[in-house]
Amino acid sequence: MKAGYADPAPTEGRGLLLRTMLPGDVAEVMAIEQASFEAGWPATAFERELSQNQMARYIVAEQVALDSSRQLAGFAGLWLMLDEAHVVTVAVLPQLRGRGIGRLLVHGLIELARDSAMSVATLECRVSNAVARRLYAGYGFYEVGLRKRYYSDNQEDAVIMTTEELASPAYERRLVRLASHLQARIPGVRLMAER
Ligand SMILES: CC(C)(COP(=O)(O)OP(=O)(O)OC[C@H]1O[C@@H](n2cnc3c(N)ncnc32)[C@H](O)[C@@H]1OP(=O)(O)O)[C@@H](O)C(=O)NCCC(=O)NCCS
């Protein structure tokens, strides 16, 4: 278990928390995947990522109700590639979007990347995905180029985004500001930054 993450079976607390994705989450993750991406991954791809890909780190945002029932609200993943964290995926249940959960997941990925001593984070995003581009821009990703016809389903271009040095004082200040923004937006949320 990664230091700073909530235990997968916490005994106290209600609300929203980030934790490491477990093999038992894959069915719920697949429901979010299918609702989020037209050409989504099959369950076997997630199972392989969790069991075989040493570079992969996946997290989930889990809602815990007052009666202790749980529901996954979203998930995200990255690959630790030498000193670069590559964001592979971020998705939130459609009915729970617009509440800061996407930000929470990106926050968790950035904290994971920093804990793993990655120097920067990078990603590719469909040029048409304005919501995701804004979300990433809020976390300091800026656009450095295009990969032409990157997406094979519709030949769409990908915009390549990267952050500045994750350990820089400026990025550190940005994260502190973003953590307080998240805590104001999602009261009681449990962030890695709280450790
Ligand atoms: C992208 C996605 C993960 C965002 O999740 P979310 O929980 O709605 O995101 P948040 O509520 O944290 O919003 C984060 C930012 O995204 C942008 N955003 C969110 N909803 C938006 C909307 N309807 N219109 C424009 N911008 C929007 C805003 O910049 C917002 O920040 P703000 O609320 O401070 O203005 C979600 O829309 C999703 O799962 N989409 C399908 C999968 C996908 O495209 N993933 C990204 C692949 S690159």
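So, start with helix H3, residues 101-115. At 1.5 Å a residue, its 15 residues should span 21 Å, and the end C-alpha atoms are 21 Å apart, so the two agree. Bear in mind throughout that this is a predicted model.

Is H3 enclosed or in the open? Largely enclosed by the rest of the structure, because 12 of its 15 residues are buried. Among the buried ones are Ile-101, Leu-104, Leu-105, Leu-109 and Leu-112, but also His-107 and Glu-111. Remember that an α-helix has 3.6 residues a turn, so residues three or four places apart point the same way. After H3 comes Ala-117, and its phi is positive, near 60°.

Now the core. The largest nonpolar core has 40 residues, and the ones touching the most other members are Ile-59, Ala-61, Phe-75, Leu-105, Leu-109 and Ala-113. Which element gives the largest share of this core? That's H3, with eight residues.

Leaving out residues up to four places away in sequence, Ala-61 touches Leu-16, Leu-18, Ala-73, Gly-74, Ile-101, Leu-104 and Leu-105. Ile-101, Leu-104 and Leu-105 in that set are buried residues of H3.

On to the strands. E2, residues 56-64, pairs with E3, residues 70-81, in the antiparallel sense over nine bridges.

A quick stop at Gln-63, in strand E2. Gln-63 has 17 other C-beta atoms within 10 Å, so we call it partly exposed. Beyond its sequence neighbours within four places, Gln-63 is in contact with Leu-16, Arg-70, Gln-71 and Ala-73. Leu-16 and Ala-73 are on the contact list of Ala-61 as well. And Ala-39, 24 residues from Gln-63 in sequence, is 26 Å away from it in space, C-alpha to C-alpha.

Okay, the ligand. There are 18 residues around it, and Arg-97, Gly-102, Arg-103, Arg-134 and Leu-135 come nearest. The elements giving two or more residues to that shell are strand E4, H3 and helix H4, which is residues 130-138. H4 gives the largest share, five residues. By type, the shell divides into eight nonpolar, six polar and four charged.

Last bit: strand E6, residues 142-151. How many of its 10 residues are buried? Zero, so E6 lies largely in the open. E6 pairs with E7, residues 156-162, in the antiparallel sense over six bridges, and Arg-147 has Ala-158 in E7 as its bridge partner. These two strands form a hairpin with four residues between them, and Gln-155 in the turn has a positive phi of about 65°.

Conventions. Residues are numbered from 1 along each chain as its sequence is written. This is a predicted model: local features need pLDDT of at least 70, side-chain atom pairs count only at pLDDT 80 or more; totals for chains, interfaces and linings use all residues. A residue is buried if 20 or more other C-beta atoms lie within 10 Å of its own, exposed if 12 or fewer, and partly exposed in between; C-beta atoms are placed from the backbone. Two strands pair if DSSP finds at least two bridges between them. The expected span of a helix is 1.5 Å times one less than its number of residues. A residue is near a molecule or strand if its C-beta atom, placed from the backbone, lies within 6 Å of it. Ala, Val, Leu, Ile, Met, Phe, Trp, Tyr, Cys and Pro count as nonpolar, Asp, Glu, Lys and Arg as charged, and the others, Gly among them, as polar. A nonpolar core is a set of buried Ala, Val, Leu, Ile, Met, Phe, Trp, Tyr and Cys residues joined through C-beta atoms within 7 Å. Two residues are in contact if their C-beta atoms, placed from the backbone, lie within 7 Å.
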